[in-house]
Amino acid sequence: ADRAALDDTLDVAIVAGLIGDGPSSGELRFGHILTRDALYDALSSHRRVELHAAVGDALERLRAHDLDAHLDELAHHFAQAAAHGEAVRALRYARQAGERALARAAHPEAAARFEAALHVLDLDAHDESADPRQVARIRAELLVLLGQGLWRSGSTGEARERFAAGFELARTIRDAETLARAALGFVGRTGIRKANAKADF
């Protein structure tokens with residue numbers, strides 16, 4: 001829709017109480033979560049994927065100067081479109097959001113993001129063009145990061161399982177750095193080098 005038609009539609013929705021002012025100037029939000037859910041549920045799965053990808057694209061464009069503040073949103077939208085061509089960006093933003101959460105000591109949130117990144121990696125496992133060793137390296141790194149988030153959240157048993165899995169995978173591909181980080185994590189020394197937010201996926 002053009003801007004004038006969009007504004008007219010939004011005005012009708014505002015008068016009806018379906019949407020209202022958001023937390024910042026110029027932002028709008030649904031008047032009730034049930035309104036949002038009803039509209040979302042009415043979309044076809046294909047249309048949802050299209051819209052999530054479009055929102056992710058728009059966020060990248062509009063917030064390019066400060067992507068760090070929007071990593072959670074980017075991770076969410078591209079994860080919803082991961083199975084339909086957005087796995088690379090979904091994986092990148094999920095990992096970056098997890099690393100940012102670790103840095104902020106939001107450990108359960110970090111663990112959830114790393115779990116999501118591993119899920120995206122599983123969705124993309126059928127990609128025959130992917131380098132198996134590179135995929136294994138990424139998986140091993142994510143397992144170690146997930147172990148960190150779980151350990152610092154108090155889930156030490158689950159953390160050790162992830163560290164052990166990361167250790168075995170790193171040993172298989174002879175990734176010495178990840179191997180050492182997994183071993184240190186397993187014995188409770190979870191401090192690691194500063195994560196590279198520009199990791200190449």
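**Close-up views of a predicted model**

**View 1. Arg162 and the residues around it.** Leaving aside residues up to four places away in sequence, Arg162 touches Glu115, Leu143, Leu146, Gly147 and Leu150. Keep in mind as you look that this is a predicted model. To find your way, look for helix H8, residues 156–173, where Arg162 sits. Arg162 has a relative accessibility of 18%, and it counts as buried because the cut-off is under 20%.

**View 2. Arg95 and its partner Glu141.** Here we move to helix H5, which covers residues 87–103 and holds Arg95. The side chain of Arg95 meets the side chain of Glu141 in a polar contact of 2.8 Å. Is Arg95 buried or exposed? With a relative accessible area of 7%, Arg95 is buried.

**View 3. The largest pocket and its centre.** Welcome to the largest pocket, which holds about 1,400 Å³ of space. Its lining is made up of 32 residues. Those nearest the centre of the pocket are Leu28, Phe30, Leu51, Val55 and His77.

**View 4. The elements that line the largest pocket.** Several elements each supply at least two residues of this lining: helix H1 (3–15), strand E2 (28–30), helix H2 (33–41), helix H3 (45–62) and helix H4 (71–80). Which of them gives the most to the lining? That is H3, with eight residues. Sorted by class, the lining of the largest pocket has 17 nonpolar residues, along with seven polar and eight charged ones.

How values were computed: Residues numbered from 1 in each chain as written. Predicted model: local features only at pLDDT ≥ 70, side-chain atom pairs only at ≥ 80, totals over all residues. Heavy atoms only, no water. Helix = DSSP H or I, 4+ residues; strand = E, 2+ residues; numbered from the N terminus. Buried < 20%, exposed > 50% of the residue type's maximum accessible area, 1.4 Å probe, protein only. Polar contact = N/O pair within 3.5 Å; in protein donor to acceptor, adjacent residues only side chain to side chain. 1 Å grid on protein atoms, 1.4 Å probe; cavity = no way out; pocket = protein on both sides within 12 Å on 5 of 7 lines; lining within 4 Å. Points joined across faces, edges and corners; volume = space filled by probe spheres on them. Nonpolar A, V, L, I, M, F, W, Y, C, P; charged D, E, K, R; others polar. Contact = heavy atoms within 4.5 Å.
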